[in-house]
Amino acid sequence: MSSPANAMQFVCPWPCLVVPTPKSVSTRSFAQTMVASQSKVSKMFAQALSNSCNIPASQLPKPCFKVFNERERLMTLQCRFSIDDAKYDDDDGRINRTGTLLIVGATIVMVVIGSGVLSLTLAIAQSRWIKDKKGRKHTKSTSTRSITVQDHHKTKIKQPKAKTKSNMEKTTSQEQPNSGTYVEPQYSGSRIKGDTITLDFVKKMMNDFKEQKYLDRGYASKILLQTKKILKALPSLVDITVPHGKHVTVCGDVHGQFYDLLNIFELNGIPSEENPYLFNGDFVDRGSFSVEVAFTLFAFKCMSPSAMYIARGNHESKSMNKIFGFEGEVRAKLNDKFVKMFAEVFNCLPLAHVINKKVFVVHGGLFSVDGVKLSQIRSINRFCEPPDEGLMHDLLWSDPQPLPGRGPSKRGNRCFCFGEDVTKRFLKDNNLDLVVRSHKSMHKGYEIQHDGKLITVFSAPNYCDKKGNKGAFIRFEAPDLKPNIITFEAVGVGD
């Protein structure tokens, strides 16, 4: 059986049980009842899996449910009740109620509300019996891996859905005096030698991520701490200098689409001092591989700060991460400690960049008032969660509009839109030539507005696995800094 067509899928396409929502009961109450009735849900899962896989129910592994106390259960349902919905357009309005994702140890229980149905998906690792030399039976789990598919002259990478980390001992990785970073004994992935993050490490880490292997918590902690230190020393407005004959590449929202990030590097080259990138915010949430995207960008930043520039988007915040999936993903792949560590790093991200004093790059847009100077942006105290008003809020949330002046935004919450006249006044006041922003999905991957003075770039093709849009990035070459826009298709093949 399949899940509702309008519900966004976060996990592998294991068999799914669809239960009509009783009309007399609210969807929230029904979800709470289903989670509370663990034995009944287990039997329903077993029957659905048995029917779908042609496997006797008695041979199926027994689902494991974490026992929440009442307060924890209610908090989980209330905090994660809005992950995604067909009603949600690509503009990232604020909050709509649609469902909750519960990740419980090695078992994934997904509850998605859509069109009056409750979809429960149980993800169980495939396993097979093996025998050791003494003939004793053991089970060996097999995991889904990336699959390369040749299609005419294109190579496409099939993006399997993210899997959760199995129940392991909750060993906290930490720095040990005189002994380096603690690494779990069973870890076999990429390793950092000393405190230096090298290109070889980053490449191997990306390859591990491609095969859905996890980064050890000790190394994850090291990358986050180094990144925080580097970012904290930067101003809120960072100047990027591109020498004559050199270039910089600006990317828009990536939203956890790791395999599309790899495709950008395949098309445009790996980040380096000779091939620098600026990622313009919203690199987490929505997609299933936000942790992998974040560590990839952060590792390049640690390897060579001038090879990777990263801006803050409206999704690099606690409130958005709680709603749109990143917080849950971090808890599943790492642990609770890393939720706080990521939030601290996000608070250090710069708010905007200026390329050669001519191109202003920001995630959202311009301001609710005229006369804002670059010096004011540079001095913003950004080391906090985004406020609901003011310059920082405007930089992360505003959008352009075709009409002059300023108007209301469908995003709500004191958001607004600004016209061509606002853009031209800002550019004139600050001796700039162009505004580049992101924040909104575009069908072609980009859009040129305001008489050529503003470009929106969006780098998450087929956004949310359903939009069908292209992705894009922009190369600026000095000295003229003429925007060279490159578009690309999604490489992920949806399940």
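Reply: Let us begin with Asn268, which is placed in helix H6. Please bear in mind that this is a predicted model.

Me: Is Asn268 buried or exposed, and why does it count as such?

Reply: The cut-off for buried is under 20% relative accessible area. Asn268 has a relative accessibility of 10%, and therefore counts as buried.

Me: With which side chains does the side chain of Asn268 make a polar contact?

Reply: One partner is the side chain of Thr249, at 2.9 Å. Another is the side chain of Tyr277, at 3.0 Å. When neighbours within four places in sequence are left aside, the residues in contact with Asn268 are Thr249, Asn275, Tyr277, Phe473 and Arg475.

Me: How should I read a pair of aromatic rings?

Reply: Such a pair is described by two quantities, the distance of the centres and the angle of the planes. In this structure the count comes to 20 aromatic pairs. Take Tyr259 and Phe289: their ring centres are 5.4 Å apart and their planes stand at 85°, so this pair is edge-to-face. The pair links distant parts of the chain, 30 residues apart, with Tyr259 in helix H6 and Phe289 in the loop between strand S13 and helix H7. Tyr259 and Phe289 are both buried.

Me: What is the arrangement of the rings of Phe298 and Phe342?

Reply: Their centres lie 6.5 Å apart and their planes are at 35°, so the pair is tilted. Because Phe298 belongs to helix H7 and Phe342 to helix H10, the pair ties together parts that are 44 residues apart in sequence. Phe298 and Phe342 are both buried. They also belong to a cluster linked by ring pairs, together with Phe283, Phe295, Phe326 and Phe346.

Me: Which residues are in contact with Phe298, leaving aside its neighbours within four places in sequence?

Reply: They are Ile223, Leu224, Thr227, Phe283, Ile310, Phe342, Val345 and Phe346.

Me: How can I tell which side of a helix faces inward?

Reply: An α-helix has 3.6 residues a turn, so residues three or four places apart point the same way. In helix H13, residues 420-429, the buried residues are Val422, Thr423, Phe426 and Leu427. These residues cover an arc of only 130° around the axis, which puts them on the same side of H13. The elements against which they pack include helix H11 and strands S16, S18 and S20. Just after H13, Asn431 takes a positive phi of about 55°.

Me: What percentage of the protein's residues count as buried, and how many helices and strands are there?

Reply: Of the 495 residues, 54% count as buried. The protein has 13 helices and 24 strands. Among contacts with a separation of 6 or more, 69% join residues 24 or more positions apart. The protein exposes about 22400 Å², with carbon and sulfur atoms supplying 52% of that area.

Note on methods
Residues numbered from 1 in each chain as written. Predicted model: local features only at pLDDT ≥ 70, side-chain atom pairs only at ≥ 80, totals over all residues. Heavy atoms only, no water. Buried < 20%, exposed > 50% of the residue type's maximum accessible area, 1.4 Å probe, protein only. Helix = DSSP H or I, 4+ residues; strand = E, 2+ residues; numbered from the N terminus. Arc of directions from axis to C-beta. Contact = heavy atoms within 4.5 Å. Phe/Tyr/Trp six-rings, centres within 6.5 Å; stacked < 30°, edge-to-face > 60°. Areas by Shrake-Rupley, 256 points an atom, 1.4 Å probe, with all protein chains shown as cover. Polar contact = N/O pair within 3.5 Å; in protein donor to acceptor, adjacent residues only side chain to side chain.
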